[in-house]
Amino acid sequence: MGVGIQVEHLNAWFGKTQALRDINIQIAGNHATAVIGPSGCGKSTFVRCLNRMHETIPDARATGRVRIGELDVYNGTSAVAIRRRIGMVFQKPNPFPTMSIFGNVAAGLRLNGFRNRKRTAEIVERSLRYSALWEEVKDIMHKKSGASLSGGQQQRLCIARALAVEPEVLLMDEPCSALDPISTGKIEELIFQLKEQFTIVIVTHNMQQASRVAEFTGFFLLGNLIEFDKTEKIFTTPSDKRTEDYITGRFG
Amino acid sequence: MPEHSVTAELGLSATPVSWWRRAKNVTVTFAALGAVILVLLPLGAVFGYLVYKGIGSINWAFLTQSPKPVGEPGGGMANAIAGTVLILGIASSFGVPIGIGAGIYLAEYGRNRFGNLIRFTADVLNGVPSIVVGIVAYGLVVLSQRHFSALAGGVALAIMMIPIITRATEEMLLLVPNTVREAAYGLGVSRWRTTISITLRTATSGVITGVMLAFARVAGETAPLLFTAFGNQYWNWKLNQPTAALSLQIFVYAISPFDEWHRQAWAGALILIVLIVVSIMAVRIAASRGMMKGAN
């Protein structure tokens, strides 16, 4: 079941450059929340702070408080344990090239020491069904490498892989930016279904996409969270001038 | 050509490719082909000459018997073949894990001054003359054991393998895109597990190439074995006893004054090359079994 996310006074740096400034936000469970803003505004950094992927980059650090459900992300829990409960889908599809399609989906379970073959097969099937890939790959999933699929299929494979470890939150960092409109449509449909089960945070450059899939939208600019509200409100009657300028295409 | 193409719009489609462009194309293609032939020629020549000179002396006795005393015809290099296999086995079982381990460290954790120091050391070690490596193994193993031995020979060759494998492993791991590591981290896989099960596995074929390169490089080495393995006219399977090796045997036979020994030296050289080629092919075939179809 999806859980809510509370972020308080989150700051993030790359070396001496501050990428996020005092972010406070409450993300509702079992909903999709979009993060928009111009390039370099810190939206990717923001989601990468939620599962502590930010700190895998040399010289990068973050301060502040992030709570996912009852879990205190930056206090007393290891980054590895956090990431098991928060799935992530990246901008470019990144299946493991040496593994089969099945192996890719099972990777999260196997690499974390899960050995029950029957259960693994069940979870793989369920995850592939979730990501609407099952029908396309069920006959080839043991023989073909994950890298042999098309870009859109690879991205849905990556979603299935993230879902297989049964996370509570799914972070998506521009998941459709490398895909054509048809694949994009499929993934958006998927997001619609997934938010019944998971909390979704999606970074996107595409404002139509934000308005299509998300109930809430946050607008970032130069490392600050300018405005966070219901998606409808952001796109129709934003309360900040800068938000209005951005969504009407005056900059960014 | 389709009508709507840009070249057609610009009125260029009717222009044939100029003779000058075609001439350049042909020239460069043939130059590349010539380069390939120049690369393959020495290899073919060496192998052909070895077969020509050596094949006549290869018979069942050569492959199954140890050398006969001077003047007695017949005998073979079976003990030297076994010795080479033994010494290479020892060298690989030290050299491969240490080399790969060091390569992993350099690629995944070694972005610091200590890493640079290791990198520099490996490059210098790679350039150390093999005879000097032999002296080091002599000092380390032979003197402390008070014996020439297969172990000492193996250690000498391992020392030569390590820097080659280390640098090759590092290069190959660095070629693995960071997005693949991130995918594993994102699944909650720990860093060491990611390195072993994802990064190293993705780079497997490249790492194997590095290992094979190192193996082939040391398989024919003679100098480091002169005062470590030392050579032996008889069978030996003990790690702490002097052991024959093909390269040593070839060396001794080639500088001898006997025609019979010269012929056997040629045959030994042929066997050595075949041994190297066969083991490289075996490893390649074994490794390609585990690979996924369609993986790049």
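In the predicted model examined here, helix H12 (residues 246-254) of chain B packs against helix H13 (residues 259-289) of chain B at an angle of about 155°, and the axes of the two helices are 8 Å apart. H12(B) and H13(B) are therefore roughly antiparallel to each other, since angles over 145 degrees are counted in that class. The crossing of H12(B) with H13(B) is left-handed. On the side of H12(B), the contact is made by B:Leu246, B:Ser247, B:Gln249, B:Ile250, B:Tyr253 and B:Ala254, while H13(B) contributes B:Trp261, B:His262, B:Gln264, B:Ala265, B:Gly268, B:Ala269, B:Ile271 and B:Leu272. When the residues of this contact of H12(B) with H13(B) are sorted by class, nine are nonpolar, five are polar and none is charged.

A second pair of helices in chain B was also examined. Helix H4 (residues 78-109) of chain B and helix H7 (residues 150-175) of chain B have axes that come within 6 Å and that cross at roughly 35°. H4(B) passes H7(B) in a right-handed crossing, and the contact of these two helices has 23 nonpolar, eight polar and two charged residues.

Taken along the principal axes, the box filled by the C-alpha atoms of chain B is roughly 85 × 55 × 35 Å. Of the 296 residues of this chain, 38% count as buried. Among contacts in chain B between residues at least 6 apart in sequence, 72% join residues that are at least 24 apart.

Chain A, by contrast, contains both kinds of element, with ten helices and ten strands. Its radius of gyration is 18 Å, close to the 18 Å that the globule rule gives for 252 residues, so chain A is as compact as a globular protein of that length. The C-alpha atoms of chain A fill a box of roughly 55 × 40 × 30 Å along the principal axes, and buried residues make up 50% of the 252 residues in the chain. Of the contacts in chain A between residues at least 6 apart in sequence, 69% join residues at least 24 apart.

Within chain A, helix H4 (residues 117-130) and helix H6 (residues 151-164) pack at an angle of about 130°, with their axes 8 Å apart. That angle makes H4(A) oblique to H6(A), and H4(A) passes H6(A) in a right-handed crossing. The residues that make the contact are A:Ile123, A:Val124, A:Ser127, A:Leu128 and A:Tyr130 of H4(A), together with A:Ala160, A:Leu163 and A:Ala164 of H6(A). By class, the contact of H4(A) with H6(A) divides into seven nonpolar residues, one polar residue and no charged residues.

Burial in chain A can be followed in a single helix and in a single residue. Helix H1 (residues 43-50) of chain A is mostly covered, as eight of its eight residues are buried; these are A:Lys43, A:Ser44, A:Thr45, A:Phe46, A:Val47, A:Arg48, A:Cys49 and A:Leu50. Just after H1(A), A:Arg52 takes a positive phi of about 60°. A:Gly2 lies in the segment before strand S1 (5-14) of chain A, and this residue is buried because 22 other C-beta atoms lie within 10 Å, where 20 or more are required. Leaving aside neighbours within four places in sequence, A:Gly2 is in contact with A:Gly29, A:Asn30, A:Glu168, A:Val169, A:Gln197, A:Phe198 and A:Thr199. The C-alpha atoms of A:Gly2 and A:Glu196 are separated by 8.0 Å, although the two residues are 194 residues apart along the chain.

Finally, the contact between the two chains takes 27 residues from chain A and 22 residues from chain B. On the side of chain A that touches chain B, the elements that give two or more residues are helix H2 (79-85) and helix H3 (101-111) of chain A, and the largest share, four residues, comes from H2(A). By class, this side of chain A has 13 nonpolar, eight polar and six charged residues.

How values were computed
Residues are numbered from 1 along each chain as its sequence is written. Chains are lettered from A and ligands numbered from 1 in the order in which they are written. This is a predicted model: local features need pLDDT of at least 70, side-chain atom pairs count only at pLDDT 80 or more; totals for chains, interfaces and linings use all residues. Axes are lines fitted to C-alpha atoms, for helices over the stretch in contact, and angles run from 0 to 180 degrees between N-to-C directions. Angles under 35 degrees count as roughly parallel, over 145 as roughly antiparallel, 65 to 115 as roughly perpendicular and the rest as oblique. A crossing is left-handed if the near helix is turned anticlockwise from the far one by less than a right angle, and right-handed if clockwise. Two residues are in contact if their C-beta atoms, placed from the backbone, lie within 7 Å. Ala, Val, Leu, Ile, Met, Phe, Trp, Tyr, Cys and Pro count as nonpolar, Asp, Glu, Lys and Arg as charged, and the others, Gly among them, as polar. The radius of gyration is taken over C-alpha atoms; the globule rule is 2.2 Å times the number of residues to the power 0.38. A residue is buried if 20 or more other C-beta atoms lie within 10 Å of its own, exposed if 12 or fewer, and partly exposed in between; C-beta atoms are placed from the backbone.
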